[in-house]
Amino acid sequence: MATTGTGAADASTTTKRKPVFVKVEQLKPGTNGHNLTVKVVDANTVVPVNRKARPATSLSRPSQPSRIVECLIGDETGCILFTARNDQVDLMKPGATVILRNSRIDMFKGTMRLAVDKWGLIEATEPASFTVKEDNNLSLVEYELINVGDQ
């Protein structure tokens, strides 16, 4: 079945939708696509795990140790641990206010962690006026996987 018209005409009619910002207390396990404005409360470097070295070939680039920092971030509704990797580490300094775009919830040992992968974006912004509610830490809540189909 042949269609007429060009793909460019279809692309010009689509409009970008405005980002929907959520609060930390609204985050749930297994979800993604979150946009948040948060403050960095604390940042702790994670000791990298030694991996076996890959054999060097002409096509592969030399492996560099990845930098991983776990940051406690939050807003006026609660806080959560954020895993910053490599270039993200430079933006996640204590006291900084950042905007996380297209972030996702990762589960680590039954607890929630927030992360931004290659499809997301972290950008610094002007300091926010809110104070972080540290007594509502979502990363301290432990979840258990239950298979519903085994009844």
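Q: Which residue does Arg104 form a salt bridge with?
A: Arg104 pairs with Asp117, and their closest N and O atoms are 3.2 Å apart. Keep in mind that this is a predicted model.

Q: Okay, and where do Arg104 and Asp117 lie?
A: Arg104 is in strand E4, while Asp117 is in the loop between strand E5 (111–115) and E6. They're 13 residues apart, so the pair links distant parts of the chain.

Q: Which residues are joined into one network with them?
A: Salt bridges with shared partners connect Arg104, Asp106 and Asp117.

Q: Are Arg104 and Asp117 buried or partly exposed?
A: Arg104 is partly exposed, at 26% relative accessible area, and Asp117 is partly exposed too, at 30%.

Q: Switching topic: what about Glu123, which side chain does it meet?
A: The side chain of Glu123 meets that of Arg101 in a salt bridge, 2.5 Å from N to O. Glu123 sits in strand E6 (residues 121–124) and Arg101 in strand E4, so this pair ties together parts that are 22 residues apart in sequence.

Q: And what does Arg67 pair with?
A: Asp90, through a salt bridge of 3.3 Å, N to O. Arg67 is in the loop between strands E1 (32–46) and E2 (68–75), and Asp90 is in the loop between E3 (78–85) and E4 (97–108), so parts 23 residues apart in sequence get tied together.

Q: How many salt bridges does the count come to?
A: Six.

Terms used. Residues numbered from 1 in each chain as written. Predicted model: local features only at pLDDT ≥ 70, side-chain atom pairs only at ≥ 80, totals over all residues. Heavy atoms only, no water. Salt bridge = Lys/Arg side-chain N within 4 Å of Asp/Glu carboxyl O. Helix = DSSP H or I, 4+ residues; strand = E, 2+ residues; numbered from the N terminus. Buried < 20%, exposed > 50% of the residue type's maximum accessible area, 1.4 Å probe, protein only.
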